[in-house]
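Me: I would like to learn how to read helix packing and salt bridges in a model such as the one below. Could you take me through them in turn?

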Amino acid sequence: MSLNQAPTGERLHIGIFGPTNSGKSSLLNSLTGQRAALVSPKEGTTTDPVYKNMEVHGLGPITLIDTAGFKDQGDLGPLRLQRTREVIEKCDGFIYLLTGDPQEDPFLALLREKNKPLIYVLAKADLLEDKALHRATRHLDPLPFIQGDEASRTRLLEALRQAFKEEKAPSLLGGLVKKGDQVLLVMPQDAQAPKGRLILPQVQTLRALLDEGALALSCQPDQLEEALRALAAPPDLVITDSQCFKEVRDHLDPSLALTSFSVLFSAYKGDLDYFIQSVKALDKAPPKRVAILEACTHPPDSEDIGQVKIPRLLRKKWGPLLEIDFYRGQDPLPMASYDLLVHCGACLFNRTHVLNRVEKAKSLGRPMTNYGILIAYLQGILDQISLPKSK
């Protein structure tokens with residue numbers, strides 16, 4: 001990701017679905033104006049999903065996802081279709097290409113169940129002469145689309161703008177900050193911090209503070225006292241990295257509002273209420289098997305928060321025999337095998353992806369929380385921190 005691009009987790013994810021060889025890859029290429037996906041008359045050309053970012057005026061940054069068709073009969077067909085099912089879980093909306101009777105597509109029922117924007121496209125409209133197809137799909141009000149036709153492209157982009165015009169993302173700051181507030185950011189720059197830049201949650205929080213019209217001052221944990229003295233008045237909010245939650249809390253006046261980057265993301269990307277409910281339930285039902293879920297795939301170092309620090313805190317509370325497994329990246333996840341699921345801040349996942357994971361955990365009766373909420377709970381300060389408003 002270049003410095004002037006929106007993070008993938010902040011983009012609307014729109015999946016392109018339909019039968020095999022229906023023109024999904026050609027549609028992706030037409031919309032983006034690039035040869036982003038391989039196009040061939042041979043069925044099953046698309047194997048793994050193809051992701052392409054683009055900016056749409058009036059809609060903002062989006063990610064289009066080209067998927068394998070539901071009639072894929074190749075040797076790897078079942079695996080390709082499983083990847084297509086996984087894409088559904090991270091999509092904010094769908095484009096569905098019609099080339100035959102839509103009732104034959106088992107995926108279409110899954111798309112409709114999600115209750116998200118669904119745009120039907122009559123693919124290869126310039127080649128279709130089947131009047132029966134037009135009659136069968138008339139009730140869906142499909143958009144005719146001709147590959148390479150600018151009018152078709154404009155029409156579909158406008159349909160996307162209209163479909164998502166009511167969508168409003170929650171605020172990252174969750175109502176904790178207003179214009180003119182002084183906010184102190186405590187950001188450790190240790191061995192885990194990327195060289196020469198800030199981690200994405202810190203960057204996004206800084207941008208949100210600027211958008212809100214707040215005044216921000218940043219420091220490292222060992223500069224906290226100096227930073228507090230530098231402010232003309234006590235800060236309206238202190239935001240810290242979760243790994244030094246208790247250290248910062250112990251150095252602040254109890255009246256000062258404190259939260260963490262991860263706690264902000266717990267409401268921004270996930271289900272804050274369920275995350276808190278889940279950790280409070282641990283008092284009555286301590287976990288025996290824990291899964292730690294990370295969105296990114298960075299190699300862990302000796303003081304990695306997910307691989308090292310959180311397991312250390314967990315075993316300090318529930319003993320050295322506690323089983324802890326780690327999962328990085330995408331689904332599927334064997335959630336039913338665990339009695340506690342701990343998610344990272346998910347800055348690389350979109351909100352839909354995280355919420356679908358939460359809903360799966362709920363359906364299985366499995367508690368799920370995130371790094372910041374869990375650390376505050378394990379350090380006994382959950383009731384002392386400021387929580388953002390959940391959507």
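This is a predicted model: local features need pLDDT of at least 70, side-chain atom pairs count only at pLDDT 80 or more; totals for chains, interfaces and linings use all residues.

Me: Which residue does Asp250 meet in a salt bridge?

Reply: A salt bridge is read from the separation of a side-chain nitrogen and a carboxyl oxygen, which must lie within 4 Å. Asp250 pairs with Lys246 at 3.1 Å, N to O, and both residues belong to helix α8 (residues 245-251), where they are 4 residues apart, about one turn of the helix. Lys246, at 34%, is partly exposed.

Me: Which parts does the pair of Glu10 and Lys269 tie together?

Reply: Here the bridge, at 3.5 Å from N to O, connects the segment before β1 (12-17), which holds Glu10, with helix α9 (residues 261-269), which holds Lys269, so the parts it ties together are 259 residues apart in sequence. Glu10 is partly exposed at 24% relative accessibility, whereas Lys269 is buried at 2%.

Me: How are helices α1 and α5 oriented to each other?

Reply: The crossing angle of the axes decides this, and 65 to 115 degrees counts as roughly perpendicular. The axes of α1 (residues 24-32) and α5 (residues 150-163) come within 10 Å and cross at roughly 90°, and the two helices are therefore roughly perpendicular. Leu27, Ser30 and Leu31 of α1 make the contact with Arg153, Leu156 and Leu157 of α5, a set that divides into 4 nonpolar, 1 polar and 1 charged.

Methods. Residues are numbered from 1 along each chain as its sequence is written. Side-chain values use heavy atoms; hydrogens and water are left out. Axes are lines fitted to C-alpha atoms, for helices over the stretch in contact, and angles run from 0 to 180 degrees between N-to-C directions. Angles under 35 degrees count as roughly parallel, over 145 as roughly antiparallel, 65 to 115 as roughly perpendicular and the rest as oblique. Contact means heavy atoms within 4.5 Å. Ala, Val, Leu, Ile, Met, Phe, Trp, Tyr, Cys and Pro count as nonpolar, Asp, Glu, Lys and Arg as charged, and the others, Gly among them, as polar. Buried means under 20% relative accessible area, exposed over 50%, partly exposed in between (1.4 Å probe, protein chains only).
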